[in-house]
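The sequence and the three-dimensional view come first, and the description follows.

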Amino acid sequence: MISLAHNHSTLPADTAPSLGTVLHWQEELGCDVLTDGFFYSRDPVWLVLELTSGADPGGLQDYFGAGFSVPAPIIRDHLHSVRNAAVEHWRAAQEQASRPVKVVLAGPLTMAELTRDRGVYPTRAALSEAWATLLLEEVAALAEAGADWIQLDEPVILRRPSEVRFLRSLLEPIWEARGRARLIVSTWGPGAAPLYAQLHSIPADVLALDFVSEPGLLGLLGTVGASQELYIGVARANAEFPVLEDLAPSLVQALKRYHLPAVHFGPACGLGAASPERARAVLEYSARVARTCASVLPGA
């Protein structure tokens, strides 16, 4: 099966007249899995902060090269969950959509990397574990509410490759709490190729990788294959698209070693800073790549 999805926002918030517009725009472009475009919650970090007591939004900082900025959480007390904000936003979107709506949250390791702690937690590991506990509660609530797709962003693991085992320990309880939902763990940027095998040990139903920033992933996919379903990021909103005539044959050849029931295509990371025209172009390009590859997967 070929699935067309995407990471993060679908339209810049100040250009989307309604949540329904955000959702129906994606459906018209053929997306199988939608997002709410952070219509209410701005970005993946802000959404986590909406759940949380004990942290305040600080100044904006780059979201690891995704093309938009997020607030740096400032810890003022021990973290506690006070509101199922992700569940609320998901319900509002799913009621207006004819296809599954994906919830996107910043993951615990990435939240810890962004956070400024004023001495509440003794170590960065303890801070990561606190974020993981909070996210566990929200993932369980989303699963109980009926969400089909939940995504955790963990781009920081490509910058801290020695922490793969620690990330696995953080995510294992979350993965077990996902119920019938499918859990995506998303990365982007360079650095995935040396970690390719280790990344496949992360507890997730789908592993999202940026094939634009890391062209070597194509060779690994073709020689090693994959032990988890992949979300293949084929375009970035803030970069030139790979020439389709160059990318498609290599990707089709690589997918001949891919023996899993589904593969997912879309942008490598967020579209929140893109114009509506650019966002549309990214998804249309992703759809063209998906159609080109459909012939090599059984049941596609």
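Gly179 is placed in the loop that runs between helix H6 (164-176) and strand S7 (182-186). The structure is a predicted model, and in it Gly179 is partly exposed, with a relative accessible area of 47%. Along the chain, Gly179 and Ala97 are 82 residues apart, and their C-alpha atoms are separated by 22 Å.

In soluble globular proteins, nonpolar side chains tend to be buried together. Here the largest nonpolar core has 100 residues, and those with the most contacts inside it are Tyr63, Leu105, Trp131, Leu221, Ile232, Leu251 and Phe265. Helix H5 (residues 124-145) supplies the largest share of this core, ten residues. Apart from that core lies another, of six residues, which includes Trp149, Ile184, Val206 and Ala208.

Ser128 also has its place in helix H5. This serine is buried, with a relative accessible area of 0%. Not counting residues up to four places away in sequence, Ser128 touches Pro108, Leu109, Ala112, Phe166 and Leu170.

**Helix H9**

Helix H9 (residues 244-255) has twelve residues, and the distance from its first C-alpha to its last is 16 Å, close to the 16 Å expected at 1.5 Å a residue. Which residues of H9 are buried? They are Leu244, Leu247, Ala248, Leu251, Val252, Ala254 and Leu255. These residues are on the same side of H9 because they cover an arc of only 160° around the axis. An α-helix has 3.6 residues a turn, so residues three or four places apart point the same way. On the other side of H9, Glu245 and Asp246 are exposed.

Leu251 is one of the buried residues of H9. Leaving aside neighbours within four places in sequence, Leu251 is in contact with Leu218, Leu221, Ile232, Val234, Phe265, Val289 and Cys293. Leu251 is also among the residues with the most contacts inside the largest core.

**Aromatic pairs**

The count of aromatic pairs comes to five. In one of them, Tyr63 and Phe68 are tilted, at 5.4 Å centre to centre and with 45° between the planes. Tyr63 counts as buried, at 0% relative accessibility, and Phe68 is buried too, with a relative accessible area of 13%. Ring pairs join Tyr63, Phe64, Phe68 and Trp188 into a cluster. Tyr63 is also named among the residues with the most contacts inside the largest core.

**Cysteines**

How many disulfides does a search of the whole structure find? The search finds zero. A disulfide requires a pair of cysteine sulfur atoms within 2.5 Å.

| Cysteine | Relative accessible area | Closest cysteine sulfur |
|---|---|---|
| Cys31 | 0%, buried | Cys269, 16 Å |
| Cys269 | 1%, buried | Cys31, 16 Å |

The sulfur of Cys31 therefore lies too far from the sulfur of Cys269 for a bond, at 16 Å.

Key: Residues numbered from 1 in each chain as written. Predicted model: local features only at pLDDT ≥ 70, side-chain atom pairs only at ≥ 80, totals over all residues. Heavy atoms only, no water. Core = buried A, V, L, I, M, F, W, Y, C linked by side-chain atoms within 4.5 Å. Buried < 20%, exposed > 50% of the residue type's maximum accessible area, 1.4 Å probe, protein only. Helix = DSSP H or I, 4+ residues; strand = E, 2+ residues; numbered from the N terminus. Contact = heavy atoms within 4.5 Å. Expected span 1.5 Å × (residues − 1). Arc of directions from axis to C-beta. Phe/Tyr/Trp six-rings, centres within 6.5 Å; stacked < 30°, edge-to-face > 60°.
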